[in-house]
Protein chains: 4
Amino acid sequence: MFRLIISCADRLGIIADVSGFITGHGGNIVEASQYHDSSTGMFHMRYVLDPKNLPMDANEFRERFIPIAQRYGMQWHLTDASTPRKVLIMVSKLDHCLADLLYRWKCGDMAFDIPCVISNHDDLNEMVSWHNIPYFHVPVPKSAAGKEEAFQKTCELIDKYSPDTIVLARYMQILPPWMCEQYPNQVINIHHSFLPSFMGAKPYHQAQQRGVKLTGATCHYVTSDLDAGPIIEQDVTRISHYDSVQDIVRKGKDVEAQVLAQGLRNHLEDRVLVHNNKTIVFS
Amino acid sequence: MFRLIISCADRLGIIADVSGFITGHGGNIVEASQYHDSSTGMFHMRYVLDPKNLPMDANEFRERFIPIAQRYGMQWHLTDASTPRKVLIMVSKLDHCLADLLYRWKCGDMAFDIPCVISNHDDLNEMVSWHNIPYFHVPVPKSAAGKEEAFQKTCELIDKYSPDTIVLARYMQILPPWMCEQYPNQVINIHHSFLPSFMGAKPYHQAQQRGVKLTGATCHYVTSDLDAGPIIEQDVTRISHYDSVQDIVRKGKDVEAQVLAQGLRNHLEDRVLVHNNKTIVFS
Amino acid sequence: MFRLIISCADRLGIIADVSGFITGHGGNIVEASQYHDSSTGMFHMRYVLDPKNLPMDANEFRERFIPIAQRYGMQWHLTDASTPRKVLIMVSKLDHCLADLLYRWKCGDMAFDIPCVISNHDDLNEMVSWHNIPYFHVPVPKSAAGKEEAFQKTCELIDKYSPDTIVLARYMQILPPWMCEQYPNQVINIHHSFLPSFMGAKPYHQAQQRGVKLTGATCHYVTSDLDAGPIIEQDVTRISHYDSVQDIVRKGKDVEAQVLAQGLRNHLEDRVLVHNNKTIVFS
Amino acid sequence: MFRLIISCADRLGIIADVSGFITGHGGNIVEASQYHDSSTGMFHMRYVLDPKNLPMDANEFRERFIPIAQRYGMQWHLTDASTPRKVLIMVSKLDHCLADLLYRWKCGDMAFDIPCVISNHDDLNEMVSWHNIPYFHVPVPKSAAGKEEAFQKTCELIDKYSPDTIVLARYMQILPPWMCEQYPNQVINIHHSFLPSFMGAKPYHQAQQRGVKLTGATCHYVTSDLDAGPIIEQDVTRISHYDSVQDIVRKGKDVEAQVLAQGLRNHLEDRVLVHNNKTIVFS
C-alpha cells in the first residue's frame, strides 16, 4: 500500500483533485481520513492506496503528483507501507519499554526494523544482543564538553544507520537543542507522567507527593523545549493512597510501555501529522 | 450543514465522483469519513458539506445527485443538520436515562426536539410536564390482546408525532416484532449490560451472581430479535465483591445514561450506518 | 449504622483495642478499612458498626470511647449514618454539576439534604426553586470591598443553615483565604482539569492549546492555596484534534459531574481522611 | 511479612479476637482487609503482619492459632510472603502472555519462581530456555486415550515440581475434569473475552461477528465447568468497525497480558478468596 499524507491551506477542490488523480490512474483508495481545521484554516489528509493497478511506482507517483501539490501549496509525502521503517532505540538502564518494543518487533505485530540500540550504559546489552541487534554503549559524562562529545558520537551512529525514527525508550538524558532540531518530528520520547503535569525529573515522586488519583504517561515528539513537544498519545491508570512511589513506578511502567507502543504504531503508520506544536492523529 | 451518507459496493472512483460533484458546484466538504470494508466489499461514507455557496437547496441536491447514486447503486440520504431531529422517548418508571436526556435537551448540548414522551406508567408525568413536553400514559396490560391494543395505540401516537427516532429509555416492555420492523434502525434501546453478556431480564442480578468485575451498558438499534440488534455504543464500569445488586444498579445507571447519550448523539449526527446487523460508527 | 473514623500515630494494639471495645459492648463491625502509612508512621481507620445491640447511643459511645482515644492520641469522630448530611451548594451560571446533584438528591441514590443554594447570579433560581430548595442570590462585585462584603454575607447564610459540607459546583469565584480556613476539609470544589495540569482559569482552553489527548476533572478540598487542596477524586476522558474548545467543554462537563458526585459520595460516607494535604480514600 | 487469610460464618468478636491474638504476641498488623458478606452471612479477612517482634515462626503461629480458628469454624491459612510462590506455566504456541510473565519474573516486579514451563508444542522452547527455565514438550493428541495419557504425564510433571499455582497462559487445551478438581483454586486461566460473553472457542471472531464496541479478557480459576470458574480480574479495550479479527486479536493480546498479570499478582499476594464460585479480591 502507498500512504499519501498532505497538509495545506484549506481550499475548494482538494479532495476531488487528489482522489481524481488517484482513481483516474486506477489507484484504489482503501483508507481515507481528512481534517478541516477551522481554527487554523488548514486541511490535513491521509490516504491509503492500493497501487496494484497503478501504472507507476512510488517515485513516479511522486513526480506526477507535483503539479497538484504545487497548485495547493501542499506539504506532503508518499510512503510505501511495504518497506518497514527503521527505528533506532535509545535507552539508559530501565528496560520495560525496550523489552516491550523488542517483543512487538520480534512477534511481528508492529512492522519496523531496529538497526541498532544506543545506550549511555551497558546494562541492556545482553537483552539486545540476544535479539541479534547491534548495541552501542555511548557513555554521557556530566561535563558539558563530555556531553557534547557523546552526542556528537551518537549522531554519527545515527547518521550511519540512517533511521527513519529515533525512540527514546526511557533514555534518561536531555538531548541538546541542536540535536532536537536536526531530527524534527522524528524523535519520539515517552515521559512518565500525564503532561503537562509533572514535567521534568522524578514525576512519580511528584505524583505521590501531590496525591493524585491517576498516574499517566505521554508519548511526544522531542523538541528543544523540554517535555513540551507535540503530544502523540497519553493514557492513565488509577492509583491510591496505598501506592508507594515504588508502586506508582511499577503501575506506571505498564502504562508507559502501552502508550509508547501505541504512539509509535500511529507514527509508523503515518497517522500523525504535526501543525503548530500539536498533532493530528488519524486513528 | 448538509450531511451526505452513502453505502454501496466498493468501486473505483466513488470518492472522486462524489467530491467532484460537490466541489464542482461550490460546496465545501468540512468533514469526511470513509470506510472500505474488505470483508463485505462495501464502501461507506459520510460527508459534511457547507452549502453556503451551493446554488441549490437540499431538495435540489437530492435530485441532481440521483445519476451518481444510480451509477454506483448507492443506498444514500442527505440530511440538513440545521433541522433538529424529533426524538420520541418511551419510558417506564425508572427516570435516570430520561432525566439525563431532558437535561441535555434543555441545555442545548445535543440538538434535538422531543415531541412527546410515552410511558406505560404515570410516574414520570410530572418530570416531563415541567419541561412542557406532552406525556402520554399508555398502560400495557399482561394479556396478549391488551398488549396488542396498547402497542397499536402507541403507534398511533408515534404516527401522529412522526418522530425521526424513538428512544427506549429503560422502557421495560418488549416491542412486538411488527412494530420493530415498522421503524428499522429508528428505535434505539439502552440495555443494562455489556451485550451479549446477560441478555434478557435482570442483567444486574445476573452480573452479581456471576461475579463479574465490570458492569456495562449497551445502546443498540431494536430489531425483532431481542437484545440482538446492531450495537451503537457500549461502555463498562468497575464493580467488586463489595457491590450488592443495589450498588451495581446504581453504578450501572450512570453508565447507561452516558452510553445512551453517546449512542443517540452519534445517531443524530448521522454517524451510524448499519450493514449486516453491525454498525459503522464514524466518530 | 455508626461510622468511626480514627487517625493516630501507629502503635501496637490499636485494632485490638478498638475492635475489642466495640464487640465487647455487642456492636457488630460490618465494614472495616485500615491504612498503615509507613511513610508518615500514621495509622488511619474507618469502621462501620451496626449499633443495634449496643447498649448506648452515639453520644454515650463518644464519651465512653474517650479513654481509648486518649491512650493513642487519636484524632477521631463518630458519625451516625442514619442522619443525612447537610450539603450547601454554591454555583454561578453553569448548571451541569448542580443538575446532576439535584437529580441524585431527588432520586435518593445519595443520602444528603440540601438546605439551600447560594449563587452570585440569579440564572439557576428556577431550577433550584422547582425542587423546593431555598436559593440565595449573593452578587460578588469586582471591587475588593464589594467582594469582602459578599463573602461576609455568604458566611452569614452558611452559619444560618449550618451545613456539614459546602460544595462549589462550578462556583466561579475564588473564596478568600479566611473563608477557606473557616471550614477546613468541609468545602469541596470541582476543578475542570486533571490537576495539577491547567490550574487557574480556562483549563479547557489550555488543554486544547497544549494538544493533550485526555481531559479531566478533579474534586478536591478547598484550601487557601488555589487549586492545591487535597485531591479526593479524579477522572479523565479521551479527546482528539477534532475537538474544539466547545467540544472539550461538553465532554468535560460529563466528567466533572461524575467526579464531583463520586468525590462527594465518598466524603459523605466518611471515606475520606486528610493528612498532610493528601487524602486517604477508603473506597 | 506473614499473611493470614480467614473465611468463616460472621459472628461477633472475630476481629477483636484475631487482632488481639496477633498484637498480644507483639505482631504488628500492617495491612488489614475485611468483608462482611450480608448475602451469605460469611466473614472474610486478610491480615498482613510484620512478624519481626513475634516470639514464634510461621509454624508455631499456625499451631497456636488453632483454638481461635476452631472457636469460629474458620477456613484459614497463613503464608510467609518472604517465600516466593512457585508458578508453573502451561502454554501452546501463542507467546504474548508467556513473554509478559517471563519479563515480570525477570525484572522482579512480581515475586514468584517458575519451576518449569509445559507445552503441547515445542515452539516456545527457545524463549523459555533463554531464561534458564526447564521446558517440557508434552504433545496432546486428538484421541481420547492419547489426551488422557498426555494429561497423566502433565500431572506427573506437576507433582514433580509441586507448584503452588498453575497458570494456563493461552494453553489451548481443555483440562479433563479430574485434573481441574485435583488443583482447586490453584489453576488460573486467561480467557480472551469478557466472560460470560463469548465463551468457548474463537471469542475474537465471535466479537467481530457481533459487532461489539469493546473487547476484553478474563482471568479466572479453572473448574470442571468450562469458562465458568470464579472470575479474578477482567478488563476491556475499545474496538471499532475498522478492526478486523486480526486487529482485535492484536488489541486483545495487550489486555490479556495485563489482566493475567494483575490477576496472578492478586492471587500471589493472597488477595483472592473464593466462596460460592465467586471471588473476593482485597485489592
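Which residue takes a positive phi in the hairpin of β13(B) and β14(B)? The first legend gives the answer. The structure shown in every view is a predicted model.

**View 1. The hairpin of β13(B) and β14(B).**
N276(B) takes the positive phi, with a value near 55°. The hairpin has 2 residues between its strands. Strand β13 of chain B covers residues 272-275, and strand β14 of chain B covers residues 278-281. The two strands run antiparallel and are joined by 4 bridges. In one pairing, L273(B) has I280(B) in β14(B) as its bridge partner. In a regular strand, side chains alternate between the two faces of the sheet.

**View 2. The two domains of chain A.**
Chain A is divided into domain 1, residues 2-80, and domain 2, residues 85-281. Taken over C-alpha atoms, the centres of domain 1 and domain 2 of chain A are separated by 31 Å. Where the domains touch, domain 1 of chain A gives 9 residues and domain 2 of chain A gives 6 residues. On the domain 1 side, the elements that give two or more residues are β1 (2-9) and β3 (42-50) of chain A. By class, this side of domain 1 has 3 nonpolar, 4 polar and 2 charged residues.

**View 3. The contact between chain A and chain C.**
Here 21 residues of chain A are in contact with 21 residues of chain C. On the side of chain A that touches chain C, two or more residues come from each of β12 (231-238) and β14 (278-281) of chain A. The class counts for this side of chain A are 11 nonpolar, 6 polar and 4 charged residues.

**View 4. The contact between chain D and chain A.**
In this view, 9 residues of chain D are in contact with 9 residues of chain A. The elements of chain D that give two or more residues to this side are α3 (96-107) and α8 (245-268). The residues on the chain D side divide into 4 nonpolar, 1 polar and 4 charged.

**View 5. Chain D laid on chain A.**
Two copies of a chain are related by a rotation about an axis and a shift along it. For chain D and chain A, the turn is 180° and the shift along the axis is 0.0 Å, with an RMSD of 0.0 Å. The two copies are therefore related as by a two-fold rotation axis. The same surface serves both copies, as 100% of the contact residues of chain D recur in chain A.

Key: Residues numbered from 1 in each chain as written. Chains lettered and ligands numbered in written order. Predicted model: local features only at pLDDT ≥ 70, side-chain atom pairs only at ≥ 80, totals over all residues. Contact = placed C-beta atoms within 7 Å. Nonpolar A, V, L, I, M, F, W, Y, C, P; charged D, E, K, R; others polar. Least-squares fit on C-alpha atoms with pLDDT ≥ 70 in both. Domains from an automatic or database assignment. Pairing = 2+ DSSP bridges.
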